[in-house]
Amino acid sequence: MTATNPVDVLQALIRCPSVTPAEAGALDVLENLLSQLGFTVDRMVAKDQDTPDIENLYARAGTDGPHLMFAGHSDVVPVGAETDWSAGPFSGDIRDGMLYGRGAVDMKGGIACFIAAYARLVEAGKVPKGSVSLLITGDEEGPAVNGTVKLLEWAAERGERWDACLVGEPTNPDSLGDMIKIGRRGSVSGTVTVKGVQGHAAYPHLADNPVRGALSLAKSLMFPAFDTGTENFQPSNLEVTTIDVGNAATNVIPASARFKFNIRFNDVWTADSVKAEIIRRLDAASVDPELRPDRAAIGYDIIWSERPSHVFLTRNNALIASLSGAIETVTGKTPKLSTTGGTSDARFIKDYCPVVEFGLVGQTMHMVDERVAVSDLETLTVIYQTFIEQWFAHADA
């Protein structure tokens, strides 16, 4: 395996079946490579109640500033039915210019390209003045309890400080150079339970159907829209993701009904203010008589998810300009600066330093036959190498 070749590095990583929470040798591969490149490598195991222990890796080359961090995850999602794959999900096989395997795109490919980029700088004698670190978790695809959050805390307690971070998540919708993520929407989830009175469907006056109440409350959360969007963010959006009554009978009015929801909110809101708006809407809908004429107000309980994700926007011009400039130099494209999509571990890193995200094309992530073009691995490696050089040039200016 040659560290300067992202294909070699990625194949070695894919051949480690590191489905969350298993490490499966992926961190061994990284430790071996990074040690040879002059990094000091530490591995820490994070623990928490009712969650699996997770092994994470932190590596640093250099002792002085400025300090650039690359962040990513070595864990992958399950493969599903292996028989549905046209190549072994952990084979790393190459066919027709495509490299197959779980994690090829999300996101062992990004890790492989960053390591190859740094290895080329070492080989060319162009190691930047300052420090480069890699923060690699094994818990991004899982509950995200024993991963990046605790690894950052552990590193910070040891005196680590960072000036900027690049997260190597797959950010490009169609081709390399399409998009940089410069922020993320916030996310809040909750479960609403409506209590009713069980009874016979033919005698509704003797019962109180909680499904009617649940529908009224759910509708109030989905309409009207929370906002129309902002300069940097698309409109906030709430989706009801499930409605359950646990009732197998067709002639019995159930005793309770519940629904779950998730809202992705922009910078009009904070987690607290969006929760307050949700409660306001539920309270208003609870007295709406449309589906429950001549009934008392709907009684409901709400349980919030434990850890909301907070909206953020990176405004660090040197970081964004260095990455955009590298992409344009290599691909000739001007990337779109975006805050779309779901959440990532950037939501934790933003509390420590400015952070942006850029990686491979994400079209096959989490899918059967996840794959990446070999040519994209080379292009991303060159982009990362150019970015490292340009960021340190900006930082030293």
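I began with the term I would need: I count as a polar contact a pair of N or O atoms within 3.5 Å, where, within protein, one must be able to donate a hydrogen and the other to accept it. I also noted that the model is predicted.

Entry on the site. I looked up the UniProt annotation "binding site", from an unreviewed entry, and found that it covers His-73, Asp-106 and Glu-169. These residues span 97 residues in sequence, yet no two of their C-alpha atoms are more than 8.8 Å apart, so they gather at one spot. Of these residues, I found His-73 and Glu-169 in the lining of the largest cavity.

Entry on His-73. I placed His-73 in strand S3, which covers residues 67-73. With 1% relative accessibility, His-73 counts as buried. Leaving out residues up to four places away in sequence, I listed what His-73 touches, and among them are Asp-106, Met-107, Ile-136, Thr-137 and Glu-169. I then checked the side chain of His-73 and found one of its polar atoms 2.9 Å from the backbone oxygen of Asp-75.

Entry on Glu-169. I found Glu-169 in the loop between strand S7 (164-167) and strand S8 (179-181). Is Glu-169 buried or exposed? At 9% relative accessibility, Glu-169 counts as buried. Again not counting residues up to four places away in sequence, Glu-169 touches residues including His-73, Asp-106, Ser-344, Glu-357 and Phe-358. Finally, I noted a polar contact of 3.3 Å between the side chain of Glu-169 and the side chain of His-73.

How values were computed
Residues are numbered from 1 along each chain as its sequence is written. This is a predicted model: local features need pLDDT of at least 70, side-chain atom pairs count only at pLDDT 80 or more; totals for chains, interfaces and linings use all residues. Side-chain values use heavy atoms; hydrogens and water are left out. UniProt positions are given in the numbering used here, feature names are shortened, and annotations may be inferred rather than shown by experiment. On a 1 Å grid over the protein atoms alone, a cavity is a set of points where a 1.4 Å probe fits but cannot get out, and a pocket is an open set with protein on both sides within 12 Å along at least five of seven lines; lining residues have an atom within 4 Å of a point. Helices (H or I, at least four residues) and strands (E, at least two) are DSSP runs, numbered from the N terminus. Buried means under 20% relative accessible area, exposed over 50%, partly exposed in between (1.4 Å probe, protein chains only). Contact means heavy atoms within 4.5 Å.
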